[in-house]
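Here are a few quick notes to go with the model. Have the viewer open as you read.

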Amino acid sequence: MAVTTTPLLGLGTLGRLPEHSRPLLEPGSVPAGIVHLGLGAFHRAHQAVYTEEAVAAGGGDWGIVGVSPRSSAVVDDLLAQDRLFSVTTLSAAGPHTRVVGALAEVRHAASDPAGVVALLADPAVRVVTLTVTEKAHRLDPVTGELTVDAALLADLAGAGPSVTIPGLLVRGLLARHRADAGPIALVSCDNMPSNGRRLHGMVEQARVLVPGAAPAFGDWVRESVTFPGTMVDRIVPASTAETLAIAEAALGARDLAGVHGEPYRQWVIEDRFPGGRPAWELAGAVLTGDAGPWERLKLRALNGVHSAIAYLGALAGRDTIVTALEIPGLRTAMERFIAEDVATSFEPPPGVSVVGYGASVLERFANPAIAHATRQVAMDGSQKLPQRVLHTILDRRAAGASPRWAALVVAAWMRFVQGRTDDGRELPLNDPLAAQIRTRLAAAPATPQGVADALFGLDAVFPAELAADATVRALVVDWLTALDRHGVEATLAGAS
């Protein structure tokens with residue numbers, strides 16, 4: 001009997017796709033106007049979808065050149081598929097899969113950094129978007145200072161094999177300035193507070209390190225480059241074999257680069273684009289003069305809650321966010337965290353209820369079709385904790401309040417990085433400060449007070465004023481003591 005092999009997704013298979021699954025744009029028909037750095041699952045399920053819908057509705061030469069800074073695997077997969085990929089939306093009602101044709105090109109920066117620099121200097125490119133994580137910005141999460149090392153200096157000089165995001169951007173801007181290629185917007189889509197301002201600070205700090213750059217370059221950056229702030233939102237778990245199997249069943253074609261996500265999505269963008277932009281508002285994006293309140297809403301009431309559930313769930317041996325929410329008392333603790341600490345820590349966007357937003361977040365996290373791993377959400381906690389939780393604590397303390405529930409999140413992180421679940425199984429510590437954390441814990445007394453003292457000493461995580469705050473330290477030690485003695489489930493069941 002002959003073996004039937006499902007064909008690979010590509011231009012040759014488009015005619016065979018179900019009508020509702022076909023891309024909105026004919027692949028390759030839209031010239032490139034955007035370079036995107038960070039060709040991961042989130043970009044493919046978020047900005048690429050928004051941009052395809054915007055161009056389909058409003059026109060414009062806004063095809064995306066997707067650039068993977070380091071890994072070549074996704075580039076190879078997309079090239080094999082004529083730059084096509086699918087996005088499967090997962091809900092309790094069942095999956096829906098659609099192919100996206102927004103990518104005009106894909107590039108691998110590590111093997112061709114000069115080619116990416118040339119792209120950034122191309123007059124046709126007027127927008128650069130980024131989803132490269134907090135780490136890739138090389139900024140201290142507390143001070144905002146740029147981490148300067150030999151790799152960065154080599155990149156800024158155009159020498160050496162490594163590729164850093166500051167190096168690529170600044171070299172590209174310098175080439176653009178020298179070519180008189182016109183203004184451009186650099187748009188961070190990473191989950192950082194004031195992401196536009198932080199990206200601007202990164203570029204300014206790196207710019208002055210470029211050997212031989214004339215003072216006119218700095219003037220040009222100030223006059224011709226904007227850094228719009230954004231807020232992005234869609235839960236996009238890591239793709240699995242099941243993701244690809246669902247896509248194949250829906251499309252009748254194999255998709256090596258398929259991604260999946262929840263139905264909900266949001267993109268808030270400061271409207272500062274000197275060279276123009278796609279009509280993203282036609283795809284549902286919110287264009288605003290200030291993304292700050294939206295950023296704080298998402299970082300504190302969504303990302304902070306996500307991290308809290310991840311730490312507590314992982315400690316309790318729950319593998320996914322959905323199953324963590326089934327822990328008795330956890331949802332109530334998160335509701336109180338939102339209402340008593342988060343909602344009272346900042347001024348939300350006009351007309352938005354933080355408590356109502358938080359309730360919708362918890363419902364999204366409970367989507368049974370999204371198996372978001374607690375350990376994945378919990379990784380890189382030292383980078384995420386300041387923006388997601390510590391700013392809430394600082395603002396509550398400035399108002400004279402005792403942020404009890406936010407302190408629970410800090411305590412859960414401190415217990416999580418000790419590397420054991422409540423029943424003694426090993427937990428991985430996937431964190432850029434892993435070595436420092438382990439060293440501090442090894443030298444500290446194995447008590448809640450000793451652990452707290454050791455970890456509050458991480459000045460790359462905890463601002464000095466917070467580390468010295470006796471009220472916060474006492475709250476964290478109380479929660480650590482309860483978690484140490486009773487575990488997550490008993491602690492939450494007894495909390496009130």
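1. Let's start with His306. Leaving aside residues up to four places away in sequence, His306 is in contact with Ile321, Phe365, His372 and Val377. Keep in mind that this is a predicted model.

2. Where does His306 lie? The residue belongs to helix α11, which covers residues 292-315. Is His306 buried or exposed? His306 counts as buried because its relative accessibility is 7%, and the cut-off for buried is under 20%.

3. Now the nonpolar packing. The largest nonpolar core holds 78 residues, and the ones with the most contacts inside it are Ile309, Met334, Phe365, Trp413, Met414 and Phe462. Helix α11 supplies the largest share of this core, with 12 residues. Phe365 is also one of the residues that His306 touches.

4. Ile309 deserves a click too. Again not counting residues up to four places away in sequence, Ile309 touches Ala314, Ile321, Ala324, Leu325, Leu330, Met334, Leu362 and Phe365. Among these, Met334 and Phe365 are on the list of residues with the most contacts inside the core.

5. Last, the surface. Val148, Leu153, Val208 and Leu209 make a nonpolar patch of about 320 Å². Of these, Leu153 sits in helix α6, residues 150-156. Leu153 has a relative accessible area of 40%, so it comes out as partly exposed; exposed would need over 50%.

Technical notes. Residues numbered from 1 in each chain as written. Predicted model: local features only at pLDDT ≥ 70, side-chain atom pairs only at ≥ 80, totals over all residues. Heavy atoms only, no water. Helix = DSSP H or I, 4+ residues; strand = E, 2+ residues; numbered from the N terminus. Buried < 20%, exposed > 50% of the residue type's maximum accessible area, 1.4 Å probe, protein only. Contact = heavy atoms within 4.5 Å. Core = buried A, V, L, I, M, F, W, Y, C linked by side-chain atoms within 4.5 Å. Patch = residues over 30% accessible without salt bridge, like charges linked within 9 Å, V, L, I, M, F, W, Y side chains within 5 Å. Areas by Shrake-Rupley, 256 points an atom, 1.4 Å probe, with all protein chains shown as cover. Salt bridge = Lys/Arg side-chain N within 4 Å of Asp/Glu carboxyl O.
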